[in-house]
Amino acid sequence: MKGVQILVASFCLLPSVLIAPVNAKTSMDNVVKHLNNPCSSELIQLAEVTLKTNPHRILSYNDKPTDVHLFNALAVTSYRDRDSHVTFHGVKNIAGGCDTSVTESYVLQTSCSDARHEAFSKWDFQGKLNDRTYVLNSKRIKGKQAFLTDQLPDICLVTTRQVINN
């Protein structure tokens, strides 16, 4: 039954993902506005793609305008069926570009094997970190991975991350 719930939830979320505007304004604009971070535009774009139009709040780790090195912020975002934590990083690399990453964590009320079958079926299996953690690679999004860890018989901790090197 839980597999059916995940499948139904996936189909219910699909239209909103397709309809959501690509440039949905997020509160990342306000967070980086007063900072002198060279990765501001990349972070704003990453937040727009990640958070879309979902309700969220972002808290920057360091709000000093003089700290231009590593940017770190944590967001809490709400979906119809769950909340998640989303961490954004941005750092200027040696070539002058900006490397960014986004990591999102949430729990699903199902086993990780069911979650893998229903929500991550098109992802490639990379391996296991331990007896309870699967590592998967996205076929559609370059540099995106998923980590599925069984917590209890019917709870799966899901963490996705994407690293973007520019």
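Reader: Which residue in β3 does T77 stand opposite?
Author: In this predicted model, T77 has S84 of β3 across from it.

Reader: And how do β2 and β3 pair, parallel or antiparallel, and over how many bridges?
Author: Strand β2, which covers residues 70-78, and strand β3, which covers residues 83-92, pair in the antiparallel sense, with nine bridges between them.

Reader: What is the strand order in the whole sheet?
Author: The sheet is open and is formed by eight strands, which follow one another as β1-β2-β3-β4-β8-β7-β6-β5 with antiparallel pairing. At its edges are β1 and β5 (124-130), each of which pairs on one side only. Direction ignored, neighbouring strands of this sheet are turned against each other by 20° on average.

Reader: Which strands does α3 lie across?
Author: Helix α3 lies across β1, β2, β3, β4 (98-108) and β8, and its direction relative to β3 is about 160°.

Reader: Switching to T160, where is it, and is it buried or exposed?
Author: T160 belongs to strand β8, residues 155-164, and it counts as buried because its relative accessible area is 7%, with the cut-off for buried set at under 20%.

Reader: What is T160 in contact with, leaving aside its neighbours within four places in sequence?
Author: Its contacts are then V102, T103, E104, F120, K144, Q145 and A146. For A146, the C-alpha to C-alpha distance from T160 is 4.3 Å, although the two are 14 residues apart in sequence.

Reader: Last one, what about the phi of K52, and where is that residue found?
Author: K52 is not a glycine, yet it has a positive phi of about 50°, and it is found in the loop between α3 (40-51) and β1 (56-60). Its relative accessibility is 26%, so K52 counts as partly exposed.

Notes. Residues numbered from 1 in each chain as written. Predicted model: local features only at pLDDT ≥ 70, side-chain atom pairs only at ≥ 80, totals over all residues. Heavy atoms only, no water. Helix = DSSP H or I, 4+ residues; strand = E, 2+ residues; numbered from the N terminus. Buried < 20%, exposed > 50% of the residue type's maximum accessible area, 1.4 Å probe, protein only. Contact = heavy atoms within 4.5 Å. Pairing = 2+ DSSP bridges. Axes fitted to C-alpha atoms, helices over the stretch in contact; angles between N-to-C directions.
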